[in-house]
Amino acid sequence: MAEARRFLAGRFAGWGIADDFDGRLIVSELVTNALVHGDGPIVLRVVQDERDGLPVIEVRDDGDGRPVIRAENHTAIGGRGLLMVAGLAHSWGTRSLPEGGKVAWAKCGI
């Protein structure tokens with residue numbers, strides 16, 4: 001997890017984005033989701049959207065399941081990660097890959 005946060009921080013710094021706090025939280029949640037619920041290797045990409053320049057975090061895994069926001073449960077120990085991503089990100093979603101697996105992505109609204 002720390003490696004994913006360091007990677008994101010380096011990309012943001014290279015683009016002159018000083019505040020990477022939300023991005024580090026988002027990447028932590030998306031990578032954790034892939035580790036817990038996904039399958040196979042995890043691939044992290046952090047790119048800038050060509051249209052608006054905003055950073056986009058993409059986490060790929062080979063699992064078939066799709067991330068979903070669970071109903072809020074104040075007694076649960078976990079299950080709030082995607083709710084947090086949805087609150088922090090400009091937009092987020094998933095896309096299936098033709099070869100199998102999926103990409104979960106989130107666009108940071110700097």
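**A short tour of one protein chain**

Let me start with contacts. Take contacts in the protein chain between residues at least 6 apart in sequence: 56% of them join residues at least 24 apart. Contact means heavy atoms within 4.5 Å.

A word on the source. This is a predicted model, where local features need pLDDT of at least 70, side-chain atom pairs count only at pLDDT 80 or more, and totals for chains, interfaces and linings use all residues. Residues are numbered from 1 along each chain as its sequence is written, and side-chain values use heavy atoms, leaving out hydrogens and water.

Now the layout. The protein chain has 3 helices and 4 strands. These are DSSP runs: H or I of at least four residues for helices, E of at least two for strands, numbered from the N terminus. Along the sequence the pattern reads α-α-β-β-α-β-β. The radius of gyration is 14 Å, close to the 13 Å from the globule rule for 110 residues, so the chain is as compact as a globular protein of that length. That radius is taken over C-alpha atoms; the rule is 2.2 Å times the number of residues to the power 0.38.

Next, burial. Of the 110 residues, 34% are buried. Buried means under 20% relative accessible area, exposed over 50%, partly exposed in between, with a 1.4 Å probe and protein chains only.

Last, the rings. How many aromatic pairs does a search of the whole structure find? It finds 1. The ring centres of F12 and W15 lie 6.2 Å apart, with planes at 40°, so the pair is tilted. Rings of Phe, Tyr and Trp (its six-membered ring) pair if their centres lie within 6.5 Å; planes under 30 degrees apart are stacked, over 60 edge-to-face, the rest tilted. F12 is buried at 0% relative accessible area. W15 is partly exposed at 27%.
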